[in-house]
Amino acid sequence: MHKATSNVYVNLWTREQATLRGCNSSFVATSGGVVVIDTPQMPTDAIKWRDEIAKKGEARYIINTEHHPDHITGNFFIPGTVVSSQIVKAMFSSMLKIPGIQAMVKDKDPEGIPLMENYQARPPTITFSDRLTLYLGEHSFELIRMPGHTEGQVGVFVPQEKVMFTGDNFANGWQPSMNFSCPLEWIESLKKIEAMEVQVVVPGHGEIGDKKSVRIFREFIQECVDTVRKAISQGMSQEEAAARITFEIEKYPPALHSGPQWQRRNVLRLYEMLSKQ
């Protein structure tokens, strides 16, 4: 567990670990209880995280930054009211299939199998369209829909800590999945983060960063967009672009064990979305 500020704690995974375990999950300890941002994917990790949270206070809220399983599966194991954007709620049941979760746990977290008894998906019960502010103790939590990695992506700004939680809108040193991305909106959302009074930025994957690292990541996303746009303007077909384009693998490698299909899917998605512009 990494202490990012005086009241912010982050469960950081290395690139090797995260391939198996999931996203960075975080919590903020306030005088009125704890706010959790995203939950661990594996049951054994979620239980350990729940116990760490309990040392700091009662978990009052869980904020899901997106609908992907590595951010929402652990909701079941941690108390607190679940909050997210309306789009995340709408996508929740389609992404969290219990038979698939059970198979994943059996394969990657066998010690967690007994914890899956009576497992249920726990979707958001409080939602918002564009912005929502939660107040707890002396802290405020500004939830902002920031489309990018997904359409319903949520950024969480805590001004008292000068910290921003981005979910996978920012993957520090990684090439994120772009399967659900809105590429042009993504760039604008990152610019908004750069303009905010933020000192610490907690990514969905990778090490904790700052606004400089967000800018570098934004420039990478812009390069990806520009590369695919050029292919479209040159008359490449979608399949040809997917076969020929390679983003900056050394600078922003895909998740381990993902293989060339990760890169290919990213190009296909960008081509699809940019062709509509």
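Is phenylalanine 180 buried, exposed or partly exposed? I looked this one up in a predicted model, and phenylalanine 180 comes out partly exposed, because its relative accessible area is 30%, which falls between the 20% and 50% cut-offs.

**Entry 1: around Phe180**

I placed phenylalanine 180 in the loop between strand 11 (163-172) and helix 6. Next I checked what it touches, leaving aside neighbours within four places in sequence. The list has His67, His68, Met91, Met95, Gly148, His149, Thr150, Glu151 and Arg269.

**Entry 2: Asn64**

I went to asparagine 64 next, which sits in the loop between strand 5 (59-63) and helix 3 (69-72). Asparagine 64 is buried, because its relative accessible area is 0% and the cut-off for buried is under 20%. I then looked for a polar partner for its side chain and found the side chain of asparagine 75, at 2.8 Å. Beyond four places in sequence, asparagine 64 has contacts with Asp38, His71, Ile72, Asn75, Val82, Val83, Ser84, Phe92 and Val154.

**Entry 3: Thr39**

Asparagine 75 turned up again when I checked threonine 39: the two side chains make a polar contact at 2.8 Å. Threonine 39 is in the loop between strand 4 (33-37) and helix 2 (43-56). I noted it as buried, with a relative accessible area of 0%. Not counting residues up to four places away in sequence, threonine 39 touches Ser25, Ile62, Asp70, His71, Ile72, Thr73, Gly74, Asn75 and Ile78.

**Entry 4: helix 6 against helix 7**

How do helix 6 and helix 7 run, roughly parallel or roughly antiparallel? I got an angle of about 160 degrees for helix 6 (residues 183-194) and helix 7 (residues 211-233), with the axes 10 Å apart. Anything over 145 degrees counts as roughly antiparallel, so that is what this pair is. I put the crossing down as left-handed.

I then went through the residues that meet. On the helix 6 side I found Pro183, Leu184, Trp186, Ile187, Leu190, Lys191, Ile193 and Glu194. Helix 7 brings Lys211, Val214, Arg215, Phe217, Arg218, Ile221, Gln222, Val225 and Arg229. Sorted by type, the contact has 10 nonpolar residues, one polar and six charged.

Key
Residues are numbered from 1 along each chain as its sequence is written. This is a predicted model: local features need pLDDT of at least 70, side-chain atom pairs count only at pLDDT 80 or more; totals for chains, interfaces and linings use all residues. Side-chain values use heavy atoms; hydrogens and water are left out. Helices (H or I, at least four residues) and strands (E, at least two) are DSSP runs, numbered from the N terminus. Buried means under 20% relative accessible area, exposed over 50%, partly exposed in between (1.4 Å probe, protein chains only). A polar contact is a pair of N or O atoms within 3.5 Å; within protein, one must be able to donate a hydrogen and the other to accept it, and residues adjacent in sequence count only if both atoms are side-chain atoms. Contact means heavy atoms within 4.5 Å. Axes are lines fitted to C-alpha atoms, for helices over the stretch in contact, and angles run from 0 to 180 degrees between N-to-C directions. Angles under 35 degrees count as roughly parallel, over 145 as roughly antiparallel, 65 to 115 as roughly perpendicular and the rest as oblique. A crossing is left-handed if the near helix is turned anticlockwise from the far one by less than a right angle, and right-handed if clockwise. Ala, Val, Leu, Ile, Met, Phe, Trp, Tyr, Cys and Pro count as nonpolar, Asp, Glu, Lys and Arg as charged, and the others, Gly among them, as polar.
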